[in-house]
Amino acid sequence: MIGLSHYLLVAAALFCIGVYSVITKKNAIAVLMGIEFMLNAININLVAFNHFMAPSQVIGQVFAIFIIGVAAAEVSLGLAIILSLYRQRHLVAIDEMDILKW
Amino acid sequence: MIILFYLFSAILLAFALGTVISTNLIHSALLMMGSFFAVAGLYLLLQADYLAMVQILVYVGAIAILLVFGVMLTRKGSIEESNLPNRYKTIGLVTALGLFGLLARSITYTRFPSPPLESPPQNIIAIAQAFLLQYIVAFEALGILLLIAILGAILIGKEPK
Amino acid sequence: MTQFLFNFLALLHITGIIADVIVILCYFVFILLFIIINVMFIVWLERRMSAFFQERLGPNRVGPFGLLQSVVDAVKLLGKEVIRPTATDKWVFLLAPAICFVPALLLYPILPFGKGLVLVNLNIGLLYFVAISSTTTISIIMAGWGSNNKYSLLGGMRTVAQMISYEIPLIFSMIGIIMLVGSLNLVDIVNAQARLWFIHVQPLAFMIFLIASIAELNRAPFDLPEAEQELVAGYHTEYSGMQFAFFYLAEYANLFSLSILGVTLFLGGYQGPFFPSWIWFIGKVYAMIMVYMWIRWTLPRIRMDKMMKLNWKFLIPLSLFNILATGFMIKAWPTIQQWMR
């Protein structure tokens with residue numbers, strides 16, 4: 001029987017993949033992808049807790065939808081920043097973006 | 001149910017690993033879309049059908065496509081080597097594995113209370129009520145946040161004169 | 001029908017999970033056949049209609065009225081060699097045509113074809129439709145990228161920009177109806193139109209839906225993704241034979257399913273007097289398809305920036321206004337009725 005801990009383990013694995021991606025990637029867009037994985041892992045956790053702990057309510061799902069909305073805002077802003085950096089300095093690797101003020 | 005859970009989890013983790021391992025950024029982004037589909041499948045197993053649809057609509061239909069778009073607009077050098085790791089590869093690996101070990105241990109050792117499984121309420125209606133009655137302020141704040149994000153993205157991404 | 005299938009399988013001593021799988025496969029084949037037959041007919045219709053608009057004859061040799069022309073063409077395409085250019089991204093290029101057909105196929109089970117004629121009566125049907133159809137862009141971006149050809153890439157990126165932008169007014173135009181019915185179930189939406197079609201209540205939303213769906217389908221006047229004069233053929237420039245046939249099939253399958261959605265939402269679905277419900281349904285759907293063809297063969301293509309301007313500066317504010325007006329009317333209608341009395 002599939003219980004809560006199974007879902008939590010899958011989410012933990014996904015989260016760690018996201019962490020690895022965020023730490024080790026050169027390309028800024030790959031880092032954004034890692035962040036998306038981490039957010040998805042959190043959403044799986046919320047929905048799993050909702051389903052197994054309080055099935056008569058939908059609070060976990062509501063929170064997950066809030067996170068999805070914030071993630072959409074975050075990606076659009078992040079991509080806009082990456083695009084403008086690429087356009088002005090021709091940079092995509094994060095370790096080259098090492099000066100705050102040009 | 002059990003087969004489906006293992007199927008979706010396997011697809012999710014395989015595609016996520018592929019995303020991280022692949023050195024071609026476009027392949028990474030496409031694999032990521034597959035993993036988002038698998039997440040939607042997990043939501044369906046958890047009886048969150050509305051959330052599964054939102055996941056496909058927002059993550060696959062918008063966010064992942066936006067990321068692919070970003071990859072295509074910021075091309076530099078060969079695409080085959082666009083997703084290389086930096087010099088912290090070992091540190092990252094150790095951190096990720098250590099974190100996973102820690103989380104896995106705490107998850108497997110915790111005894112979660114199991115309340116009686118009740119039938120869930122009608123999904124969409126309950127979510128709508130939660131949004132528009134209980135969390136109305138947060139909901140409005142989210143709307144304002146998205147509006148600001150749109151304006152900010154336009155302002156930052158605009159072609160400099 | 002499901003019950004009949006299960007009974008038949010039980011007769012052959014097949015039960016449990018295997019029977020489920022077989023029934024699902026039957027559904028699959030049924031939907032596939034339905035789509036293919038209709039698409040063949042729509043392609044023939046489109047060629048005849050375009051000929052009519054341009055004062056030509058169109059295909060009229062193979063079979064009665066040239067009806068079998070599409071079948072012959074399909075067989076010809078099947079027999080052609082599949083060519084893969086050397087510089088392509090192999091897996092992305094090969095998978096794109098297959099993936100482009102999946103969302104088109106997944107849309108059909110939830111659509112109500114007649115009274116009681118719906119394979120899966122999904123509670124969140126409309127949301128399902130919107131979510132699945134939004135994934136069509138994946139295959140297009142894969143085809144555009146995988147071809148490794150500047151025309152394909154340009155076409156693919158144009159398509160994605162256009163489809164993502166026009167999805168917004170398309171979804172917003174449905175919200176008015178969802179507010180009126182209070183349900184996302186397509187059967188509920190059809191039943192709510194027993195007395196009055198929603199096109200009478202939401203004319204503005206119908207216009208927005210029509211314009212946005214033309215853009216979603218990449219048809220003229222919004223066919224910039226495959227603008228022949230600029231981009232050769234857009235994202236499917238490099239595809240030949242069977243793979244090209246897949247793109248073609250998916251394009252017309254999407255036209256068919258969006259027409260069905262338009263009929264379901266605005267034109268009363270399968271409702272109608274005298275005739276059986278499915279005859280009404282098919283008649284309305286083909287009327288809607290004829291409107292799409294009429295628009296396609298009448299209007300010239302518009303420029304990319306003008307198209308985007310039309311969407312962001314005109315259609316989206318208009319659809320937001322429509323939502324506001326609908327909400328206001330739902331609240332104010334009882335009061336107005338009291339005044340009238």
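Guide: Happy to. Start with C:Asn218, which sits in the loop between α10 and α11 (228-231) of chain C. Keep in mind that this is a predicted model.

Visitor: What makes C:Asn218 count as buried or exposed?

Guide: Its neighbour count decides that. C:Asn218 has 25 C-beta neighbours inside 10 Å, and the cut-off for buried is 20 or more. So C:Asn218 counts as buried. Its backbone deserves a look too: phi is positive, about 55 degrees, although C:Asn218 is not a glycine. Most residues other than glycine have a negative phi.

Visitor: Which phi does C:Glu55 have, and where does C:Glu55 lie?

Guide: Phi of C:Glu55 is near 55 degrees, again a positive value in a residue other than glycine. C:Glu55 belongs to the loop between α2 (16-53) and α3 (69-79) of chain C.

Visitor: What about C:Val92, buried or exposed?

Guide: C:Val92 has 21 other C-beta atoms within 10 Å. The threshold is 20 or more, so C:Val92 is buried. This residue lies in helix α4 (residues 90-106) of chain C.

Visitor: Which residues is C:Val92 in contact with, beyond its sequence neighbours?

Guide: Leaving aside neighbours within four places in sequence, C:Val92 is in contact with B:Leu30, C:Met142, C:Trp145 and C:Gly146. To be in contact, two C-beta atoms must lie within 7 Å. As for C:Ser139, 47 residues from C:Val92 in sequence, the C-alpha to C-alpha distance is 9.0 Å.

Visitor: Which chains share the most contacts?

Guide: Chains A and B do, out of the 2 pairs of chains in contact. There, 60 residues of chain A are in contact with 70 residues of chain B. On the chain A side, α1 (4-24), α2 (28-53) and α3 (59-89) each supply at least two residues. The largest share, 22 residues, comes from α3(A). By type, that side divides into 43 nonpolar, 13 polar and 4 charged residues.

Visitor: What does B:Met53 contact in chain C?

Guide: Leaving aside neighbours within four places in sequence, B:Met53 is in contact with C:Ile124, C:Leu127, C:Tyr128 and C:Ala131. B:Met53 is also among the residues with the most contacts inside the largest nonpolar core, along with A:Leu14, B:Ile56, B:Ala64 and B:Leu67. That core has 163 residues, and its largest share, 18 residues, comes from helix α3 (residues 49-73) of chain B.

Visitor: How many helices and strands does chain B have, and how is it divided into domains?

Guide: Chain B has 6 helices and 0 strands. The domain assignment gives domain 1 (1-109) and domain 2 (122-161), with C-alpha centres 24 Å apart. Of its 161 residues, 35% count as buried.

Visitor: Where is confidence lowest and highest in chain C?

Guide: Lowest is helix α1 (residues 2-11), at a mean of 70, and highest is helix α10 (residues 203-216), at 89. Chain C averages a pLDDT of 83, and 96% of the residues score at least 70. Where pLDDT is low, the predicted coordinates should not be read in detail. For the complex, the predictor gives an ipTM of 0.85 and a pTM of 0.86.

Terms used
Residues are numbered from 1 along each chain as its sequence is written. Chains are lettered from A and ligands numbered from 1 in the order in which they are written. This is a predicted model: local features need pLDDT of at least 70, side-chain atom pairs count only at pLDDT 80 or more; totals for chains, interfaces and linings use all residues. Domain bounds come from an automatic or database domain assignment. pLDDT is the predictor's confidence in each residue, from 0 to 100. Helices (H or I, at least four residues) and strands (E, at least two) are DSSP runs, numbered from the N terminus. Ala, Val, Leu, Ile, Met, Phe, Trp, Tyr, Cys and Pro count as nonpolar, Asp, Glu, Lys and Arg as charged, and the others, Gly among them, as polar. A nonpolar core is a set of buried Ala, Val, Leu, Ile, Met, Phe, Trp, Tyr and Cys residues joined through C-beta atoms within 7 Å. A residue is buried if 20 or more other C-beta atoms lie within 10 Å of its own, exposed if 12 or fewer, and partly exposed in between; C-beta atoms are placed from the backbone.
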